[in-house]
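This report describes a protein structure in terms of its backbone geometry, sheet pairing, contacts and surface. Please consult the sequence and the coordinates shown below while reading.

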Amino acid sequence: LPCFFSNLIGKLEGELMKFKVNTEKSKKNNCEFFDYNHETNNSNDSKSFLDLYGNFDQLTINKYYPGDGIPPHVDSHSPFNDIYCSISLQSGVVMTFTKKTETYNIYLKPRSAVFFTNELRFEWEHSISLRKVDIVENRIVTRKQRISLTFRKVSSREECQCVFIDECDGFKKRMEGNKNFE
């Protein structure tokens with residue numbers, strides 16, 4: 001990553017140290033489960049994201065103009081590790097999170113960070129509607145140009161083995177491979 005991100009990465013590292021792997025859930029579900037700032041989980045079995053994976057090593061930068069959006073999706077499981085962070089710069093935007101019949105609209109303020117992990121990372125679709133204004137706390141907020149910085153850690157595993165099979169690209173790939181042998 002470019003060196004001019006070193007201060008920002010230092011701040012993200014500080015937050016990442018607060019994410020601890022819940023080893024009991026991980027063993028049960030064959031997937032990493034992170035608890036944020038889980039102060040009661042101070043056992044020797046508990047490891048931070050940085051202890052397990054090291055720092056983020058991949059950055060995607062997107063520029064959005066007023067009216068731009070992104071379709072509903074869950075990011076692929078296999079290419080990246082189990083947690084990533086998206087930062088909104090210049091303008092806020094309402095991001096919609098959907099899982100089956102549940103929907104939440106969350107306003108991402110300018111200079112805010114969202115950490116995607118656990119179910120939010122693997123099961124919930126996220127999207128941004130195509131529009132030039134958002135309704136935030138019963139008032140109209142006009143969108144401006146927005147820059148999104150998405151920090152990820154490239155995965156070293158061959159394919160995802162998680163339990164979130166409805167959205168898992170690794171599971172779908174394995175099932176397609178099994179069909180070829182029937």
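Asn118 lies in helix H4, which covers residues 118-122; helices here are DSSP runs of H or I of at least four residues, and strands are runs of E of at least two, both numbered from the N terminus. The model is a predicted one, in which local features need pLDDT of at least 70 and side-chain atom pairs count only at pLDDT 80 or more, whereas totals for chains, interfaces and linings use all residues. Residues are numbered from 1 along each chain as its sequence is written, and side-chain values use heavy atoms, with hydrogens and water left out.

**Positive phi angles**

Most residues other than glycine have a negative phi. Asn118, which is not a glycine, has a positive phi near 50 degrees. Because its relative accessibility is 16%, Asn118 counts as buried; buried means under 20% relative accessible area, exposed means over 50%, and partly exposed lies in between (1.4 Å probe, protein chains only). Glu137 also has a positive phi, of about 50 degrees, without being a glycine. Glu137 is located in the loop between S10 and strand S11 (139-142). With 73% relative accessibility, Glu137 counts as exposed.

**Overall composition**

The protein contains 5 helices and 12 strands. Of its 182 residues, 42% are buried. Among contacts with a separation of 6 or more, 73% join residues 24 or more positions apart, a contact being heavy atoms within 4.5 Å. The accessible surface is about 10800 Å², and carbon and sulfur atoms contribute 50% of this area. Areas were computed by the Shrake-Rupley method with a 1.4 Å probe; for residues, only the protein chains shown count as cover.

**The four-stranded sheet**

Strands of a sheet pair through backbone hydrogen bonds, either parallel or antiparallel. In this model, 4 strands form an open sheet in the order S3-S12-S5-S8, with antiparallel pairing; two strands pair if DSSP finds at least two bridges between them. Strand S3 (58-64) and S8 are the edge strands, each pairing on one side only. From one strand to the next, the twist averages 20 degrees, taken between N-to-C directions on a scale from 0 to 180 degrees, with axes as lines fitted to C-alpha atoms.

Strand S5 (residues 83-89) pairs with S8 in the antiparallel sense over 6 bridges. Within this pairing, Ser88 stands opposite Ser112 of S8, and Ser86 has Val114 of S8 as its bridge partner. Strand S8 (residues 112-117) is largely enclosed by the rest of the structure, because 5 of its 6 residues are buried.

**The start of the chain**

Leu1 belongs to the segment before helix H1 (6-16). Beyond its neighbours within four places in sequence, Leu1 contacts Ile9, Phe56, Asp57, Gln58, Leu59 and Phe151. The C-alpha atoms of Leu1 and Asp57 are 6.4 Å apart, although 56 residues separate the two in sequence.

**A nonpolar surface patch**

Val133, Ile135 and Ile140 form a nonpolar patch on the surface, with about 290 Å² of accessible area together. Patches are made of residues with over 30% relative accessible area and no salt bridge, like charges being joined within 9 Å and nonpolar side chains (Val, Leu, Ile, Met, Phe, Trp, Tyr) within 5 Å. A salt bridge is a side-chain nitrogen of Lys or Arg within 4 Å of a carboxyl oxygen of Asp or Glu. Ile135 is found in strand S10 (residues 133-136).

The table lists relative accessibility for two residues discussed above.

| Residue | Relative accessibility | Class |
|---|---|---|
| Leu1 | 44% | partly exposed |
| Ile135 | 55% | exposed |
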